[in-house]
Amino acid sequence: MIHIEQILKRAQETEPLVQCITNFVTVNDCANIILAAGGTPSMSHVKEEAAEAVQKAGALVCNMGAIEDAEAMILAGKEANRLGIPVILDPVAAGGTSLRRETAKKLLEEVHFSVIRGNASEIRSLTGEKVTGKGVDAAAPDIITEDNVSVAVCGMRQLAEQTKSVIVVSGITDLISDGKRTVLVRNGCTTMSKITGSGCMVTSLIGVYCGACPEYPLEAAVTGMTVMGIAGEAAEKRRITNGTGNATFRNDLIDAVFNFTEKQLTEEMKVEIYGR
Amino acid sequence: MIHIEQILKRAQETEPLVQCITNFVTVNDCANIILAAGGTPSMSHVKEEAAEAVQKAGALVCNMGAIEDAEAMILAGKEANRLGIPVILDPVAAGGTSLRRETAKKLLEEVHFSVIRGNASEIRSLTGEKVTGKGVDAAAPDIITEDNVSVAVCGMRQLAEQTKSVIVVSGITDLISDGKRTVLVRNGCTTMSKITGSGCMVTSLIGVYCGACPEYPLEAAVTGMTVMGIAGEAAEKRRITNGTGNATFRNDLIDAVFNFTEKQLTEEMKVEIYGR
Amino acid sequence: MIHIEQILKRAQETEPLVQCITNFVTVNDCANIILAAGGTPSMSHVKEEAAEAVQKAGALVCNMGAIEDAEAMILAGKEANRLGIPVILDPVAAGGTSLRRETAKKLLEEVHFSVIRGNASEIRSLTGEKVTGKGVDAAAPDIITEDNVSVAVCGMRQLAEQTKSVIVVSGITDLISDGKRTVLVRNGCTTMSKITGSGCMVTSLIGVYCGACPEYPLEAAVTGMTVMGIAGEAAEKRRITNGTGNATFRNDLIDAVFNFTEKQLTEEMKVEIYGR
């Protein structure tokens, strides 16, 4: 197993190129958080160059918020698979409409994803279950608490085995599983749900760390969730101190990734192996 | 009549889902200001899911900055009309090109809008008059001052009756009319015209308040304009104190909506009924 | 020759309308920096209105990040050429894929550009040379240093003569040449490469200054590069003082353009005529 510290360091040293096919709502924040973490963003989303553009990349992020670019995701995803470049899926609002259910299904059939990160409703919809998210947020019955965590872990392990992907369910507690090992990350804060793009940004971070350490998708995903959570806590401190709101919080969060230190990680990470 | 305080409160309690079909320039700010006001944003703009996506929404915002998505607006708008979900139109640069004149005309023919908010040139162009805006700003002869307010009110009352919509003309003084009642809001500051997206954001806010109180479109529109104006004044204070500029002002403005209090409203609102 | 001070002043007085056909990653920042510099942004990118929309503009900016809108760029560019409106090209990732190489070639064939601004790899790719950029960044061997500046100047002078455009290569030292006169700008800071959109934003600024002084494309380009560089230095000071990161740096940079003074220009500009 590789340590999170090593992954962080490798990302800063190698500056992996992260190709993102992502949505127009949060694309700017995703590019800036990739830069903050030491990566190099490339946000081309047109199908005509998708496969060629991914050839130089360290990782590919497919964000289903860009539902109109699913074809580009498949073209780039297949090429990335052929070249051994890790592909990360963010199934934004996957259960929300029939178009999204079909697109998610098709993406899973055509492309192998190293990591799939969504909220509880999005991940559950990938198992074929009927879910009811509200826009891009998880529906109340899907939210993971200490009480239902064992049920959630069971479901995501099955999905991990089916898809041969690392599955990440983000929420108050984040769950990360490759089907065998399951990790819980308890960093973060609720203000993260009061900005648009928390989810998209953390998936982009996972892209950076997968690009830096493609052989360790589970650890890369844990790194992404942990860095994002600790950065969220740092931004929350600034928000309370400065009396600011969600727009400044978003910048503070990206800034916190930019200024992230190994010391911060060691002192603040709340990561545990599930079942130990 | 419902009080603005009640509308604010209901928005925070019900967290209405606001479906926006909006432009790529300001979409991120619109999503964040919706969150700041207590709403839940959904920014899907593809026609393939437009009608289905709107079914769960509390309100639909159609922003003509996304001129390429007019078909999605019509599909979603018709479905919203069928379901009694309020639809709000922002006729961005409506008189600017023949494409925009035709699109605005078509939207008004196909969809009933609860509220239409634009600057003076945009609203005037909807009456079929020839106007000359400069980009997305109102043309100088269209700007409403104390001298021409009665002429402007007369024109917007007619449009309100024709369209059966609440008409909002935003400017230094904002005018809101349903054809019978007309309200003036004198909050705001000129720095709001030095950021992109002031108009789009306030229309999104009206979406939140219409979603919270669909039975009161006039009051919801007044609430949106007032909250935005007071938030602009708060942001202006921070800009002057901190020596910042328009980019930080934009964040401070969204933050001010996030931190908005009833006390602030009571003390700072400059709302009057026209003709009293 | 016109002084930078005069160009700055004329931009603030005339508030030129800058029509941008630009990418979805940085479009919001481009619009806000245009406003900060005193211009009026118009970000319509659809081909159906491109030629009509540009008629009222003072300048047109074509940003190849919006690779899917090349047709709109050509339509608007031809109309702008016909009307004598200056057109500025940002050949984003021009050498990155075959689609971009072909698009850049076509744009240069169909439209006359007053100014072309890119990084060293992008500009070199326009000469037909094979280059290897990493995403949107210049490749290491292309980066201009004190050692290879004479070679770089020679290449850009040739390109300037071929295209009859002012060529701008931005980097640690910026080079601006119309084929005869060459200017070096040494303002700026490295954090500018840690945000997305530094390049797009400076091209937008050049659009503002070309719109204000269409008869002086070389001087307008020097003004854009100098204002951006000094604003970057001001933002860097705030970043270090406040312990912030790249997201806040981006806002501070736009704010610095908003608050830009003639005094700052006189005291901080590092502009020299090459060869003197």
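## Basis of the model

The model is predicted, so local features need pLDDT of at least 70 and side-chain atom pairs count only at pLDDT 80 or more, while totals for chains, interfaces and linings use all residues. Residues are numbered from 1 along each chain as its sequence is written, chains are lettered from A and ligands numbered from 1 in the order in which they are written, and side-chain values use heavy atoms, with hydrogens and water left out.

## Symmetry

Two copies of a chain are related by a rotation about an axis and a shift along it. Chain A is superposed on chain C by a rotation of 120 degrees with 0.0 Å of shift along the axis, at an RMSD of 0.0 Å (least squares on the C-alpha atoms of residues with pLDDT of at least 70 in both copies). The two copies are therefore related as by a three-fold rotation axis. In chain A, the residue that comes closest to the axis is A:F24, with its C-alpha at 3.5 Å.

Chain B is superposed on chain A by a rotation of 120 degrees, again with 0.0 Å of shift and an RMSD of 0.0 Å. Only 6% of the interface residues of chain B are also interface residues in chain A, so these copies meet through different surfaces.

## Interface of chains A and C

Contact (heavy atoms within 4.5 Å) joins 32 residues of chain A to 32 residues of chain C. The buried area is about 2500 Å², and carbon and sulfur atoms give 50% of it; this is the accessible area, taken with a 1.4 Å probe, that the two parts lose on being put together, summed over both. On the chain A side, A:L35, A:E49 and A:F258 lose the most area to chain C, together 21% of what that side buries.

Two salt bridges are found across this interface (a side-chain nitrogen of Lys or Arg within 4 Å of a carboxyl oxygen of Asp or Glu). One salt bridge pairs C:R101 with A:E52, whose closest N and O atoms are 3.7 Å apart.

## Cavities

The whole structure holds five cavities of 30 Å³ or more. On a 1 Å grid over the protein atoms alone, a cavity is a set of points where a 1.4 Å probe fits but cannot get out, and lining residues have an atom within 4 Å of a point. The largest cavity has a volume of about 160 Å³, a volume being the space filled by probe spheres set on the points, which are joined across faces, edges and corners.

The lining of the largest cavity has 19 residues, and A:V25, A:N28, B:N28, C:V25 and C:N28 lie nearest its centre.

Terms used:
1 Å grid on protein atoms, 1.4 Å probe; cavity = no way out; pocket = protein on both sides within 12 Å on 5 of 7 lines; lining within 4 Å.
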